[in-house]
Amino acid sequence: MTAEFKTVFQTPWFEIRTVDPGQEPSGTTEPYYCLVRPNGVIAFVLDRAGAVVLVEQYRPPLGRVTLEMPAGSVDTGETLEAAVVREVLEETGLVCERWHAITPCRLALQREDVVDHFFVGLGAHEAEGYQRTEHGTVRFLPRSELLDLVKSHRFDQTAALGGLYVAEKLFGIDLLTADLACIQSVLATSAGGDLGTDNGSDRARPDQQ
């Protein structure tokens, strides 16, 4: 992008801005519209028995409830690790014994400059004395059931599956089928908190930029 953003529409959660299209192959000189939002985190969470933790969410654009991995935005000044812990706690009331940073993801290159960071949380259990602040129903599914949902095209949050794919390619482990002890061992020796240089943890919310 070769010019400063100009905000044309703003909400508390995102902005729509225009920017010079730069070296657009089509040669257009029309403004390019971009979605601007905070960077985010996505969490693949397993409880102590190896079940995957998902949350039912009503999504107005779809007009129905979906089943999703916990996810959300990184607050201003918040580290990625703190953000994923907070989002999982708020959405599920759970805390994890171990967290592993897997990969940064860019999900909509044609429309936004945002990084969503994929984490794996292991050993999830109830946070003592914590009252959830969000109201979606928490579901504990055998990983085989999540795999069945994916195979039958009934898991809507397909962007989150990119993190599972990268985990398999980076660490040689299928998080949906591998034994829990194997997952714990592999991630303990291979994955960690090194998020690279493109972590975007200082990205502010649009109304704070």
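Predicted model: local features only at pLDDT ≥ 70, side-chain atom pairs only at ≥ 80, totals over all residues.
User: Why is α1 called largely enclosed by the rest of the structure?

Analyst: A residue is buried under 20% relative accessible area, exposed over 50% and partly exposed in between, with a 1.4 Å probe and protein chains only. Ten of the 13 residues of α1 are buried, and therefore the helix is described as largely enclosed; among them are Leu80, Ala83, Val84, Arg86 and Glu87. Over the chain, buried residues make up 44% of the 209 residues.

User: What makes glutamine 57 count as buried or exposed, and which residues does it touch?

Analyst: Glutamine 57, in strand β5, has a relative accessible area of 15%, and therefore counts as buried. A contact means heavy atoms within 4.5 Å, and, leaving aside residues up to four places away in sequence, glutamine 57 touches Arg64, Val65, Thr66, Glu68 and Glu91.

User: How is histidine 153 classed, buried or exposed, and what is its phi?

Analyst: At 73% relative accessibility, histidine 153 counts as exposed. This residue sits in the loop between α2 (143-151) and α3 (161-171), and its phi is near 60°, a positive value in a residue other than glycine.

User: How many aromatic pairs does a search of the whole structure find?

Analyst: The search finds two aromatic pairs. In one of them, phenylalanine 9 and phenylalanine 14 are 6.5 Å apart, centre to centre, with 45° between their planes, which makes the pair tilted. That name follows from the rule that rings of Phe, Tyr and Trp (its six-membered ring) pair if their centres lie within 6.5 Å, with planes under 30 degrees apart stacked, over 60 edge-to-face and the rest tilted. Phenylalanine 9 is partly exposed at a relative accessible area of 44%, and phenylalanine 14 is partly exposed at 28%.

User: Why is the pair of tryptophan 99 and phenylalanine 119 given its name?

Analyst: Their ring centres are 6.3 Å apart and their planes stand at 85°, so the pair is edge-to-face. Tryptophan 99 lies in strand β9 (residues 98-105) and phenylalanine 119 in strand β10 (residues 116-126), so the pair ties together parts that are 20 residues apart in sequence. Tryptophan 99, at 22% relative accessibility, counts as partly exposed, whereas phenylalanine 119, at 2%, counts as buried.

User: Which residues lie nearest the centre of the largest pocket, and what makes a space a pocket?

Analyst: On a 1 Å grid over the protein atoms alone, a pocket is an open set of points with protein on both sides within 12 Å along at least five of seven lines, unlike a cavity, where a 1.4 Å probe fits but cannot get out; lining residues have an atom within 4 Å of a point. The largest pocket is lined by 33 residues, and Arg37, Arg59, Glu68, Ala71 and Gly72 lie nearest its centre. About 1000 Å³ of space lies in this pocket, and β4 (40-47), β5 (52-59), β6 (64-68), β7 and α1 each supply at least two residues of its lining.

Notes: Residues numbered from 1 in each chain as written. Heavy atoms only, no water. Helix = DSSP H or I, 4+ residues; strand = E, 2+ residues; numbered from the N terminus. Points joined across faces, edges and corners; volume = space filled by probe spheres on them.
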